[in-house]
Amino acid sequence: FDPLYLANEGTAVIIVAAGETAGIIRALRKHPLGRSAAVVGKVTASPRETVVLETSFGTQRIVEMLESELLPRIC
């Protein structure tokens, strides 16, 4: 299973203008549920309409569009 395609309760991705990043992170970290808020990516110009993920290993992978329903978390 790919974690990018699993339901992730309690997780949010917020896209903001580059100049607003620091203020948004400060505001989120003031709340107990936002203490670990962090910048995890950036939007850049691309000749293709693709989302490219830079991995922790320094490689890149294309994030494909979801083809079906999200897989629910099974408790």
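The model is predicted. The chain contains one helix and two strands, and their order along the sequence is α-β-β. Buried residues account for 5% of the 75 residues in the chain.

**Overall fold**

- Helix α1 covers residues 21-29, while strand β1 covers residues 52-54.
- Among the contacts in the chain with a separation of 6 or more, 44% are between residues 24 or more positions apart.

- Buried residues form 5% of the chain.
- Ile14, Val16, Ile24 and Leu28 together make a nonpolar surface patch of about 290 Å².
- Leu28, one of the residues of this patch, belongs to helix α1.
- The relative accessible area of Leu28 is 32%; because this value falls between the 20% and 50% cut-offs, Leu28 is classed as partly exposed.

**The largest pocket**

- The largest pocket holds about 1800 Å³ of space.
- Its lining comprises 40 residues, and those closest to the pocket centre are Val13, Ile15, Val40, Gly41 and Lys42.
- Both α1 and β1 supply at least two residues each to the lining of the largest pocket.
- Helix α1 gives the most to this lining, with four residues.

- Ala38 is located in the loop between α1 and β1.
- When neighbours within four places in sequence are left aside, Ala38 is in contact with Ile25 and Arg29.
- Ala38 and Arg26 are separated by twelve residues in sequence, and their C-alpha atoms are 9.7 Å apart in space.

Conventions. Residues are numbered from 1 along each chain as its sequence is written. This is a predicted model: local features need pLDDT of at least 70, side-chain atom pairs count only at pLDDT 80 or more; totals for chains, interfaces and linings use all residues. Side-chain values use heavy atoms; hydrogens and water are left out. Buried means under 20% relative accessible area, exposed over 50%, partly exposed in between (1.4 Å probe, protein chains only). Contact means heavy atoms within 4.5 Å. Patches are made of residues with over 30% relative accessible area and no salt bridge: like charges are joined within 9 Å, nonpolar side chains (Val, Leu, Ile, Met, Phe, Trp, Tyr) within 5 Å. Accessible areas come from the Shrake-Rupley method with a 1.4 Å probe; for residues, only the protein chains shown count as cover. A salt bridge is a side-chain nitrogen of Lys or Arg within 4 Å of a carboxyl oxygen of Asp or Glu. On a 1 Å grid over the protein atoms alone, a cavity is a set of points where a 1.4 Å probe fits but cannot get out, and a pocket is an open set with protein on both sides within 12 Å along at least five of seven lines; lining residues have an atom within 4 Å of a point. Grid points are joined across faces, edges and corners, and a volume is the space filled by probe spheres set on the points.
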